[in-house]
Amino acid sequence: MRPLFTIQLTLALLWLYQGLVPKLLFQSPDEIIIWQNMGLDLVLAKILLGLSGGIEMLFGLFFLKWPRSILLHSLNIIGLIGLLLLIICIAPLQLTAAFNP
């Protein structure tokens, strides 16, 4: 059971970090550019970036609350694949950068 707990805690912390640091606290320029590549102006891009950070943090909290949820883990897999496909379509050069998606 210890490895399973470690995996679930790690997923929760990763989602919390990714929502808080590059989206809410520091609003990464690369993240803003991805939103702008979808045709949004700077102000709306920053608002949606903050909103997406809050949603990611909520998702991380869900992993703490329901760590064994098959639905939650399925959504995690689908979401990560979806985010990867989005980057491939919107900003494929991001995949060659350091600390890429």
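Reader: Which helix is the place of Leu14?
Author: Leu14 sits in helix 1, and please keep in mind throughout that this is a predicted model.

Reader: And is Leu14 buried, partly exposed or exposed?
Author: Leu14 counts as partly exposed, because its relative accessibility is 47% and that class covers the range between under 20% for buried and over 50% for exposed.

Reader: How far is the C-alpha atom of Leu14 from that of Met57?
Author: Their C-alpha atoms are separated by 9.1 Å, although the two residues are 43 apart along the chain.

Reader: How do the axes of helix 1 and helix 3 run relative to each other?
Author: The axes of helix 1, residues 2-25, and helix 3, residues 42-65, come within 8 Å and cross at roughly 165 degrees. Angles over 145 count as roughly antiparallel, and helix 1 and helix 3 are therefore roughly antiparallel to each other.

Reader: Left-handed or right-handed, that crossing of helix 1 and helix 3?
Author: The crossing of these two helices is left-handed.

Reader: Which residues in helix 1 and helix 3 meet?
Author: On the helix 1 side the list includes Leu9, Ala12, Trp15, Leu16 and Gly19, while on the helix 3 side Gly53, Met57, Phe59, Gly60 and Phe63 are among them. Taken as a whole, the residues of this contact divide into 14 nonpolar, eight polar and two charged.

Reader: Switching to rings, how many aromatic pairs does the count come to?
Author: The count comes to three aromatic pairs. One of them joins Phe59 and Phe63, which are edge-to-face, with 5.4 Å from centre to centre and 90 degrees between the planes.

Reader: Where do Phe59 and Phe63 lie?
Author: Both lie in helix 3, four residues apart, and that spacing is about one turn of the helix.

Reader: Are Phe59 and Phe63 buried or exposed?
Author: Phe59 counts as buried, because its relative accessibility is 14%, and Phe63 is buried as well, with a relative accessible area of 1%.

Reader: Which residues form the aromatic cluster?
Author: Trp15, Phe59 and Phe63 form one aromatic cluster.

Reader: Where does Gln27 lie?
Author: Gln27 lies in the loop between helix 1 and helix 2, the latter covering 29-36.

Reader: And in which loop is Ser69 found?
Author: Ser69 is found in the loop between helix 3 and helix 4, where helix 4 covers 70-90. Ser69 counts as partly exposed, because its relative accessibility is 23%. The C-alpha atoms of Ser69 and Leu16, which are 53 residues apart along the chain, are separated by 18 Å.

Reader: Stepping back, what does the secondary structure of the protein chain come to?
Author: The chain comes to four helices and zero strands, and read along the sequence the pattern is α-α-α-α.

Reader: What does the C-alpha trace span, and how much of the chain counts as buried?
Author: Along its principal axes the C-alpha trace spans about 45 × 25 × 25 Å, and of the 101 residues 27% count as buried. As for contacts between residues at least 6 apart in sequence, 57% join residues at least 24 apart.

Note on methods
Residues are numbered from 1 along each chain as its sequence is written. This is a predicted model: local features need pLDDT of at least 70, side-chain atom pairs count only at pLDDT 80 or more; totals for chains, interfaces and linings use all residues. Side-chain values use heavy atoms; hydrogens and water are left out. Axes are lines fitted to C-alpha atoms, for helices over the stretch in contact, and angles run from 0 to 180 degrees between N-to-C directions. Angles under 35 degrees count as roughly parallel, over 145 as roughly antiparallel, 65 to 115 as roughly perpendicular and the rest as oblique. A crossing is left-handed if the near helix is turned anticlockwise from the far one by less than a right angle, and right-handed if clockwise. Contact means heavy atoms within 4.5 Å. Ala, Val, Leu, Ile, Met, Phe, Trp, Tyr, Cys and Pro count as nonpolar, Asp, Glu, Lys and Arg as charged, and the others, Gly among them, as polar. Rings of Phe, Tyr and Trp (its six-membered ring) pair if their centres lie within 6.5 Å; planes under 30 degrees apart count as stacked, over 60 as edge-to-face and the rest as tilted. Buried means under 20% relative accessible area, exposed over 50%, partly exposed in between (1.4 Å probe, protein chains only).
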